[in-house]
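Have a look at the structure first, and then we'll go through a few of its parts.

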Amino acid sequence: MISVSLAAISIVVAASAFAQATSWPEKTVTIVVPFPAGGSTDMVARAMALQMQSKLGQTFVVDNKPGATGTIGAGIVKRAAPDGYTLLVSSLGAFVVTPHLQKSVPYDATKDFDYISVPVQAPNVLVGSPEQKARTVADVVAMLKANPGKVTFASSGNGSSDHLSAEVFWQQSGTEGLHVPYKGGAPAMNDLLGNQVAFSFQNVNAVLPHIKAGKLHAIAVTGDKRSPVLPDVPTLAEAGVKGAEVYSWQGMAAPKGLPPAVKEKLGAAAIAAINDPEVKKRMVDQGLEIVASTPAEFAAFQAREWARWKTLIETRKITAD
C-alpha cells in the first residue's frame with residue numbers, strides 16, 4: 001500500500017514538473033549582461049532576446065549589470081531561482097578566465113550554472129597602429145626579439161581575450177611584449193588609432209570598420225582558419241606561430257538546477273534564435289561565427305576552456321592587477 005502511494009506521489013510530482021516546464025515561460029524572462037550596453041556581448045544578448053521573445057511569446061528583457069570584469073552580474077544570476085526566468089549572457093571572461101585571476105568571485109563557474117548555449121564565437125585579429133610599419137607576423141616577431149618587453153600591445157583589460165591572445169602569441173613565438181591594459185575596448189581602440197600603442201589583438205567585429213577604412217593594419221587572425229570577412233589575412237599558424245588559436249565567445253547560462261524540460265526548451269530556443277536567418281546574417285557580416293551549441297556541448301566546452309586558461313594564467317603568472 002505504501003509503495004503504491006509513493007509511486008502515485010512521484011507520478012504527481014513528475015507531472016507537475018512537466019507541466020511547469022512545458023508552460024515556461026509564463027512571465028518576463030530577464031537576461032543579465034554583466035557589461036555595459038553597446039558592446040559585443042550586449043549586442044548578442046539583445047539579438048537573442050528579441051528572437052526568443054518572438055518564438056516563445058513572452059517578454060525577454062536585457063538587464064546590464066556591469067562591474068568587476070563581469071563577476072557582479074554573474075553573481076546575481078547565480079543567486080537567482082533556477083526556474084528559467086533569470087539568464088546570463090557573458091563573454092568567456094566570467095565563465096573561464098576571471099575566476100583564475102581574482103582571489104574571490106561570488107560564484108563557482110564549475111558548479112553554479114547550467115550551461116545553455118554558445119551562440120557565437122570570433123577570432124581576434126592582430127592589428128598594427130596607423131603608423132606601424134610591420135605588415136607580417138615575421139615583422140612583429142623580429143620587432144619583439146629586437147626589443148624584448150618593450151613593444152606595446154593594448155588590451156581591453158587584464159584577462160580579456162585580447163590580452164590572453166597576446167600572452168599565447170608571446171609564449172608560442174618565444175618573445176615578450178609589453179601589455180598595456182585599458183578599462184574597456186573603446187579606450188584601447190582610441191589609443192591604438194592615435195598611435196599611442198603599437199599593436200593589439202582585437203575582436204574581429206570591433207576592428208573590421210577600421211581595417212576596411214585603412215586606419216589599422218590587419219596582420220593575422222587567431223582562429224584555426226581564415227575569417228570570411230578578412231579572407232586575405234593569414235592565421236597565426238599559417239604565418240609560422242602554431243598553437244596560438246584563441247576565440248572570443250559569448251555564452252548563455254542559467255542558475256544551477258533548472259528543471260530538465262525547461263533546460264531543454266531553453267536550449268532549443270537559444271539555438272533557434274541565433275540561427276534565425278536575419279540574425280545569423282547580421283552576426284556573420286560582422287565577423288562572428290555561429291556556434292549554436294547544445295547545453296551538453298557548452299558544458300564540455302566550458303570545462304576544456306577552464307583548464308586551458310587556468311594553465312596559461314598560472315604558467316605566465318598573469319594577475320588581475
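Which residues of H7 are exposed, on the other side of the helix? Those are Ala186 and Asn190. Keep in mind that this is a predicted model.

Now for the buried residues of H7, which spans residues 185-193: they are Ala188, Met189 and Leu192. Their arc around the axis is only 100 degrees, so they sit on the same side of H7. In general, an α-helix has 3.6 residues a turn, so residues three or four places apart point the same way. The cover over the buried residues of H7 includes strands E4, E5 and E7, along with helix H8.

H4 (92-101) is another helix to look at. Since 9 of its 10 residues are buried, H4 is largely enclosed by the rest of the structure. Among the buried ones are Leu92, Phe95, Pro99 and Leu101. Helices H3, H6 and H11 and strands E3, E4 and E9 are included in what covers them.

Both helices also turn up at the largest pocket: H4 and H7 each supply at least two residues of its lining, and so do H2, H6, E7, H8 and E9. This pocket has a volume of about 1200 Å³. Its lining counts 43 residues, with Phe35, Ser156, Ser160, Gly184 and Gly185 lying nearest the centre.

| Class of lining residue, largest pocket | Count |
|---|---|
| Nonpolar | 15 residues |
| Polar | 25 residues |

Notes
Residues numbered from 1 in each chain as written. Predicted model: local features only at pLDDT ≥ 70, side-chain atom pairs only at ≥ 80, totals over all residues. Heavy atoms only, no water. Buried < 20%, exposed > 50% of the residue type's maximum accessible area, 1.4 Å probe, protein only. Helix = DSSP H or I, 4+ residues; strand = E, 2+ residues; numbered from the N terminus. Arc of directions from axis to C-beta. Contact = heavy atoms within 4.5 Å. 1 Å grid on protein atoms, 1.4 Å probe; cavity = no way out; pocket = protein on both sides within 12 Å on 5 of 7 lines; lining within 4 Å. Points joined across faces, edges and corners; volume = space filled by probe spheres on them. Nonpolar A, V, L, I, M, F, W, Y, C, P; charged D, E, K, R; others polar.
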